[in-house]
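Visitor: Hi, I've just opened this one and I'm new to it. Can you walk me through what's there?
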Amino acid sequence: MPKVSQEYMDARRAQILDAARRCFLRDGFHSTSMQDLFAESGLSAGAVYRHFASKDDMILAIAEENMRDVLALVHTVATTRPGGSVGAVLAEVLDLVTARSAAQDTSRLAVLAWSEALRNPALAAQFATLLAQMRSDLAEVVREHQETGALPAEVTADKIAGALVCLLPGYILQVAMLDPAKVAGVSEAVRALWPADACKK
């Protein structure tokens, strides 16, 4: 029997997760059965179970993928773009959320996942880990700005970063629930609140 390539395995995994997203958005997590997922993906039960042992594993994988690009962006800005404004960092994150949501409805999936995390300890732990990483990376950006006097130093960088992270769920919720016109311009407003010029003081 010929060996299955990693490229083939990755394609099947993506196929399953795409099917899971459609099912979850249409019917919710609890109303979606494994049989629904088999039918939506067009794959056999064995093929699906080869990649995911349960529906919960799919939910965890989707939640991680939804956050991965956002985390990568924050980390890149924090580590490779010294001097960039906090507003620019947050605005890029919000723009990424908007683009991903338009392509894959990730904001609605995120809201569903948050609700699921209230009863799923593994998912809650995953969110805690991802948000802690984002907060840590943002704290590096904040710390740099505190050293230049662009942000107040009497509050710790970690606490300021925690406050900034709080903006993201609110934005995601609005993207998920409101007309796009209602959130248009939010990233520009964030840039204006923390402009690049402030970093040069």
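Visitor: Fine. What kind of model is this, and how are residues numbered?

Guide: It's a predicted model, where local features need pLDDT of at least 70, side-chain atom pairs count only at pLDDT 80 or more, and totals for chains, interfaces and linings use all residues. Residues are numbered from 1 along each chain as its sequence is written, and side-chain values use heavy atoms, with hydrogens and water left out.

Visitor: How many helices and strands does the chain have?

Guide: There are 11 helices and 0 strands. Both are DSSP runs numbered from the N terminus: helices are H or I with at least four residues, strands are E with at least two. The C-alpha trace spans about 65 × 40 × 30 Å along its principal axes.

Visitor: And what share of the residues is buried?

Guide: Of the 201 residues, 41% are buried. Buried means under 20% relative accessible area, exposed means over 50%, and partly exposed is in between (1.4 Å probe, protein chains only).

Visitor: What share of the contacts joins residues at least 24 apart?

Guide: That's 70%, counted among contacts between residues at least 6 apart in sequence. A contact here means heavy atoms within 4.5 Å.

Visitor: OK, let's go inside. How many residues are in the largest nonpolar core?

Guide: It has 32 residues, and M134, L138, L164 and L168 have the most contacts inside it. Helices α4 (55-80), α5, α7, α8 and α9 each supply at least two of its residues. The largest share comes from α4, with 7 residues. By nonpolar core I mean a set of buried Ala, Val, Leu, Ile, Met, Phe, Trp, Tyr and Cys residues joined through side-chain atoms within 4.5 Å.

Visitor: Which residues does L164 touch?

Guide: Leaving out residues up to four places away in sequence, L164 touches V86, L90, L138, V142 and W194. Apart from that core lies another one, of 24 residues, with I16, F29, L43 and F52 among them.

Visitor: Are F24 and F29 buried or exposed?

Guide: F24 counts as buried because its relative accessibility is 1%, and F29 is buried at 7%. The other pair, F38 and Y49, is also edge-to-face, at 5.6 Å and 75 degrees. F38 sits in α2 (residues 34-41) and Y49 in α3 (residues 45-49), so this pair ties together parts 11 residues apart in sequence.

Visitor: What about charges? How many salt bridges turn up?

Guide: A search of the whole structure finds 11. Each is a side-chain nitrogen of Lys or Arg within 4 Å of a carboxyl oxygen of Asp or Glu. E40 forms one with R22, the closest N and O atoms being 2.8 Å apart. That links E40 in helix α2 to R22 in helix α1, 18 residues apart. The side chains of R26 and E40 meet in a salt bridge too, at 3.3 Å.

Visitor: Where do R191 and D95 lie?

Guide: R191 is in helix α11 (residues 186-193) and D95 in helix α5, 96 residues apart. Their side chains meet in a salt bridge at 3.6 Å, N to O.

Visitor: Which residues are linked with D18 in a network?

Guide: R13, R21 and E65 are linked with D18 in a network of salt bridges. D18 lies in α1 (residues 6-27) and counts as partly exposed because its relative accessibility is 32%.

Visitor: Last one: what's the phi of D105?

Guide: Phi of D105 is near 55 degrees, a positive value in a residue other than glycine. Most residues other than glycine have a negative phi. D105 is in the loop between α5 and α6 (106-117).

Terms used: Rings of Phe, Tyr and Trp (its six-membered ring) pair if their centres lie within 6.5 Å; planes under 30 degrees apart count as stacked, over 60 as edge-to-face and the rest as tilted.
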